[in-house]
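Please read the following account alongside the sequence and the 3D view. It goes through a few parts of the structure in turn, beginning with a single residue.

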Amino acid sequence: MSGLNSIGLGLVGDIGGTNARFALVDFDGADPRLIEPTSYKGEDYDQAEDAVEAYLAKMGLKHPDQAVVAVAGPIEHGAVHFTNSDWKLSEDGLRRAGGFRTAKLINDFTAQALAAPRLTPKDLRQIGPHQTSGEGDLAILGPGTGFGAAGMVRRHGVETPLTTEGGHIAFAPFDEVEIEILRILMKRFGRCSIERILSGPGMEDLHMALAEVEGRKADELTAKQITEHGLTGDECCKVTIDRFCAILGSAAGDLALALGARGGVFIAGGIAPRIIDLLEKGQFRERFESKGRLSDYTRAIPTHVVMNPHTALIGAAVAMTPDGRAAIS
């Protein structure tokens, strides 16, 4: 593990509702370099600290210098209870588990926001007519086990991430079908947030709700099965994915308006890369732009899907640098 600079040996992590990813970090010039990114299934471990210890044991490390771990949930007083998992994690617990000198938790989409300006064309798939530039504020959002959202404010060469829980704002129906979907989901959940639809579990609920709206029978399938079947021609599953993509477009456009993200919108998370072809061909971009009197505003905003699975690790590594620590302090 030679070649690390004076910042010291660092571990970065990205822990969500399904997976826990870790890497060591080195810095090559101004940008971080990830070493040995590794993914673990959360269900294989009783608690988050166990997954951290498993990675350190795999790498043969004892008492590394520092850790920054991106987590899926609101952080309060240096601790998180994961929104879509029974796990809990604190900075003190993380520090003890790994023998770190310092340990910090940041929101997983704050990490995505820190990474976004550093992504290259090979990390992205453009949807729509415009490329991102180095100017303007950004929105980073996306569906996975949950739905995350963050912003990146860029002023006079200074980048400041904006941590949000935007995935839990209310779902806004676009047409009569979605009004009926909302009614069905409200009967089940009460309040219906974006995450109730734009997530893995949400896709499953959307699949059954659409069948009810259209008066047809549908098998209960996992999000993975819906995606796989839809991509191979199953018409019922394709209808679900098409509607999912359309709703994602509406939500992304709403968040772009809310955050003033004229510099670009990045769709992160685990689901979008798997359905990228249907995102490109479907109503995502049409619904993103369809904002009434503000349609010209959203029409000029670039949208990209993040294809690199390690962007939250990159963002956690950025948070280790002096500029990154200052931006999120």
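This is a predicted model. Not counting residues up to four places away in sequence, Thr303 touches Arg125, Gln126, Ile127, Val265, Phe284, Arg285 and Phe288. Thr303 itself lies in strand 14, which covers residues 303-306. Its relative accessibility is 1%, and because buried means under 20%, Thr303 counts as buried. Two of the residues it touches also take part in polar interactions with it. The side chain of Thr303 reaches the backbone oxygen of Ile127 at 2.4 Å, and it makes a polar contact with the side chain of Arg285 at 2.9 Å.

Strand 4 is another covered element. It spans residues 66-71, and six of its six residues are buried. Gln66, Val68 and Ala70 point one way from the strand, while Ala67, Val69 and Val71 point the other way; both sets are buried. Strand 4 pairs with strand 1 (residues 10-15) in the parallel sense, over six bridges. In that pairing Asp14 stands opposite Ala70 of strand 4. Strand 4 also pairs with strand 8 (residues 102-107), again in the parallel sense and over six bridges. Here Val71 is found opposite Asn107 of strand 8.

What is the order of its strands, and how do they pair? The sheet is open, its three strands follow the order 5-6-7, and the pairing is antiparallel. Strand 5 (75-76) and strand 7 (88-90) stand at the edges with a single partner strand each, so one side of each has no neighbour in the sheet. Strand 6 (residues 79-81) is joined to strand 7 by three bridges, and these two strands run antiparallel. Within this pair, His81 stands opposite Lys88 of strand 7.

The last stop is a pair of helices. The axes of helix 6 (residues 223-231) and helix 7 (residues 235-259) come within 7 Å and cross at roughly 110°. Angles of 65 to 115 degrees count as roughly perpendicular, and the two helices are therefore roughly perpendicular to each other. From helix 6, the residues at the contact are Ile226, Thr227, His229, Gly230 and Leu231; from helix 7 they are Cys237, Lys238, Thr240 and Ile241. By class, this contact has four nonpolar, four polar and one charged residues.

Note on methods. Residues are numbered from 1 along each chain as its sequence is written. This is a predicted model: local features need pLDDT of at least 70, side-chain atom pairs count only at pLDDT 80 or more; totals for chains, interfaces and linings use all residues. Side-chain values use heavy atoms; hydrogens and water are left out. Helices (H or I, at least four residues) and strands (E, at least two) are DSSP runs, numbered from the N terminus. Buried means under 20% relative accessible area, exposed over 50%, partly exposed in between (1.4 Å probe, protein chains only). A polar contact is a pair of N or O atoms within 3.5 Å; within protein, one must be able to donate a hydrogen and the other to accept it, and residues adjacent in sequence count only if both atoms are side-chain atoms. Contact means heavy atoms within 4.5 Å. Axes are lines fitted to C-alpha atoms, for helices over the stretch in contact, and angles run from 0 to 180 degrees between N-to-C directions. Angles under 35 degrees count as roughly parallel, over 145 as roughly antiparallel, 65 to 115 as roughly perpendicular and the rest as oblique. Ala, Val, Leu, Ile, Met, Phe, Trp, Tyr, Cys and Pro count as nonpolar, Asp, Glu, Lys and Arg as charged, and the others, Gly among them, as polar. Two strands pair if DSSP finds at least two bridges between them.
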